[in-house]
Every structure is written in C-alpha cells, then in structure tokens.
Amino acid sequence: MKNILVCIILFLSAINVSAQLSEITISYNYHHFNPTGREVCSRMVLLANREQSKFFNTINEKVDSMMSTTEGRMAYGQMIRAAMANNDVTNLPIKKESLYVLKNKTDSVTSVYDLIGAEFWTYEEPLLPQEWELTDSTKRILGYDCYKAETTYRGRKWIAWFTPEIPMHDGPWKLCGLPGLILDAIDATGEYAFTADGIELTPTKIRPIYGVSNYEKTERINYLRTMRAFYRNPVANLQAATGSKADSMHATEIELLHDFIETDYHE
C-alpha cells in the first residue's frame with residue numbers, strides 16, 4: 001500500500017505546475033492558546049506539491065471567497081440574517097483562523113497573510129527550512145511509520161514526527177525541511193501543536209488569496225509587534241483602526257498570558 005502511495009505521489013508530481021494543483025491534502029488539528037489564555041482548536045489544511053504549498057483554514061477561505069465579490073457579500077449577509085432570525089448560527093461560516101501561510105519552493109519565499117483586529121496584513125520572508133536534529137525514536141501516525149526530529153526556531157523548541165513514506169519536505173505552518181512530510185509537531189511548552197488527522201491524495205486546486213489587494217504589506221517583526229499591541233488593548237486598537245475615539249477606560253492594557261508562535265520579536 002505504501003509503495004502504491006509513493007508511486008502515486010511521484011506520478012502526480014509530473015502534473016503541470018501551472019495548473020496549481022496539490023499532490024496531497026493533509027488536515028491538521030491546530031491546538032494553541034491565544035495571548036489572553038483562551039484555548040483554541042482549529043482544523044487547518046495543507047495543500048502541497050513539489051513547488052508550493054498553502055496552509056489555511058477552509059472556512060476562512062470560504063468566507064474570504066464570498067466577501068471578494070458583491071454577489072458573495074450579499075449572499076453572506078442573507079445567510080447571517082437567516083441564521084439570526086432562526087437563532088441558529090451553528091452552520092454559519094464564521095472566520096476563526098484568519099492565517100494563510102504560502103511556501104513558494106521555486107522562488108524560496110514564504111508569504112503570510114493574516115487579520116489583526118480589523119486590519120489585513122501580509123509579509124514575505126525567505127523560505128529557510130529549519131535545522132533539524134534527527135533521532136532514532138519512531139511511532140505510527142495514521143498508519144505511517146514516523147521518525148522524531150527536534151529543532152529550535154524563533155524562540156521555541158519544536159518536536160516533530162515525519163514520515164519518509166510520503167517524500168514531501170513540508171509540514172504545517174512554516175515547518176519544513178525534513179526528509180518526509182511532518183504529521184505531528186508540538187513546541188516544548190505545549191502551547192502550540194499540529195496533529196494530522198487525515199490525508200487525501202486527490203489533486204486539489206491551490207487557489208490564490210481572495211481579496212489580496214486588501215492586505216497591507218509589512219515586515220514579520222512589525223507584524224508580531226502590531227499583533228501584540230492589539231491583544232494588549234484590543235478596544236483601543238479597533239477604535240484607532242476605524243477612526244473612533246478611545247476613552248480612558250479602554251486605555252487599560254491587558255496582561256497577556258501566552259506568547260505567539262514566534263517569540264523572537266522581543267529581541
């Protein structure tokens with residue numbers, strides 16, 4: 001079965017990259033704590049081929065797709081009104097994880113798109129695989145033999161499990177560079193963890209970011225510091241972004257209990 005899998009992946013790698021199709025789709029449970037202490041569990045997806053990959057939340061992309069056209073915005077508004085009228089928002093698509101991480105392996109560029117409060121931000125950086133230390137530890141994940149690797153990356157120590165049976169040097173978020181796909185990764189504090197819970201070999205279109213013109217370009221460190229400032233005083237920052245006047249009551253800063261997935265912005 002595993003030999004068939006490898007053959008399928010190698011065959012799919014011959015597909016014209018201009019079609020922008022993934023060779024493989026991996027779903028991950030993304031568990032973390034936001035800076036105010038709220039536990040967050042999100043379902044993320046990695047679409048990957050030999051030249052590029054995209055890590056994102058499918059509900060977030062669905063909302064962004066609808067909001068990118070006049071017709072879509074009208075339809076989304078109708079969905080909201082209907083859900084409110086029925087007092088049932090269970091099936092209403094609501095953005096929970098606004099993060100997109102795109103790896104362009106051909107140009108060696110990582111692009112990040114995110115929403116901070118009411119503002120869209122994007123930045124690019126060189127695609128630099130982490131420097132991993134391989135170990136002899138093994139375990140099985142989703143039926144695949146996985147090997148343990150460790151690295152320190154931008155302020156956090158990571159423990160990852162990868163499988164050479166899927167020869168894709170990629171993984172969730174910005175993690176990559178191992179001789180196989182990363183199926184599980186957790187930082188040493190336990191604040192951030194990615195756990196694969198599904199793999200599909202059906203080619204899937206890797207769509208561009210919807211509403212890309214709405215994103216303001218910045219640098220990574222400025223993005224992290226801006227996000228920290230928002231979490232320390234979200235009301236004041238939202239008022240500033242929308243042109244409202246903040247009163248003194250809302251000027252009080254919140255004590256943050258957890259840090260971001262990258263902590264080197266403190267340096």
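Which residues in H2 meet which residues in H3? I took this up as my opening entry on the predicted model.

**Entry 1: conventions.** I worked on a predicted model, in which local features need pLDDT of at least 70, side-chain atom pairs count only at pLDDT 80 or more, and totals for chains, interfaces and linings use all residues. Residues are numbered from 1 along each chain as its sequence is written, and side-chain values use heavy atoms, with hydrogens and water left out.

**Entry 2: H2 and H3.** I took helices (H or I, at least four residues) and strands (E, at least two) as DSSP runs, numbered from the N terminus. For contact I used heavy atoms within 4.5 Å. I found that Val-63, Met-66 and Met-67 in H2 meet Gly-72, Arg-73, Ala-75, Tyr-76 and Met-79 in H3. By class, this contact of H2 with H3 holds six nonpolar, one polar and one charged residues. The classes count Ala, Val, Leu, Ile, Met, Phe, Trp, Tyr, Cys and Pro as nonpolar, Asp, Glu, Lys and Arg as charged, and the others, Gly among them, as polar.

I then looked up the geometry: helix H2 (residues 58-67) and helix H3 (residues 70-85) pack at an angle of about 120°, and their axes are 6 Å apart. Axes are lines fitted to C-alpha atoms, for helices over the stretch in contact, with angles from 0 to 180 degrees between N-to-C directions. H2 and H3 are therefore oblique to each other, given that angles under 35 degrees count as roughly parallel, over 145 as roughly antiparallel, 65 to 115 as roughly perpendicular and the rest as oblique.

**Entry 3: the sheet.** I noted five helices and 12 strands in the chain. An open sheet of 12 strands runs in the order S7-S8-S9-S10-S11-S1-S2-S3-S4-S5-S6-S12, with mixed pairing. Strands S7 (133-141) and S12 (216-217) stand at the edges with a single partner strand each, so one side of each lacks a neighbour in the sheet. Two strands pair if DSSP finds at least two bridges between them.

I followed the order from S7. S7 is joined to strand S8 (residues 144-153) by six bridges in the antiparallel sense, and Ile-141 stands opposite Tyr-144 in S8. Their hairpin has two residues between the strands, and Leu-142 in the turn has a positive phi of about 55°. S8 pairs antiparallel with strand S9 (residues 156-163) over seven bridges; in that hairpin Arg-154 takes a positive phi near 50°.

Strand S10 (residues 181-187) pairs with S11 in the antiparallel sense over three bridges. Four residues separate S10 and S11 in their hairpin, where Gly-190 has a positive phi of about 80°. Strand S11 (residues 192-200) also pairs antiparallel with strand S1 (residues 24-33), over eight bridges, and Thr-25 stands opposite Glu-200.

**Entry 4: Tyr-231.** Is Tyr-231 buried, exposed or partly exposed? It is partly exposed because its relative accessible area is 23%, where buried means under 20%, exposed over 50% and partly exposed in between (1.4 Å probe, protein chains only). Tyr-231 lies in helix H4 (residues 220-232). Beyond neighbours within four places in sequence, its contacts include Asn-34, Ile-254 and Phe-260.

**Entry 5: cysteines.** I searched for disulfides, taken as pairs of cysteine sulfur atoms within 2.5 Å, and the count is zero. Cys-146 counts as buried at 0% relative accessibility, and Cys-176 counts as buried at 4%.
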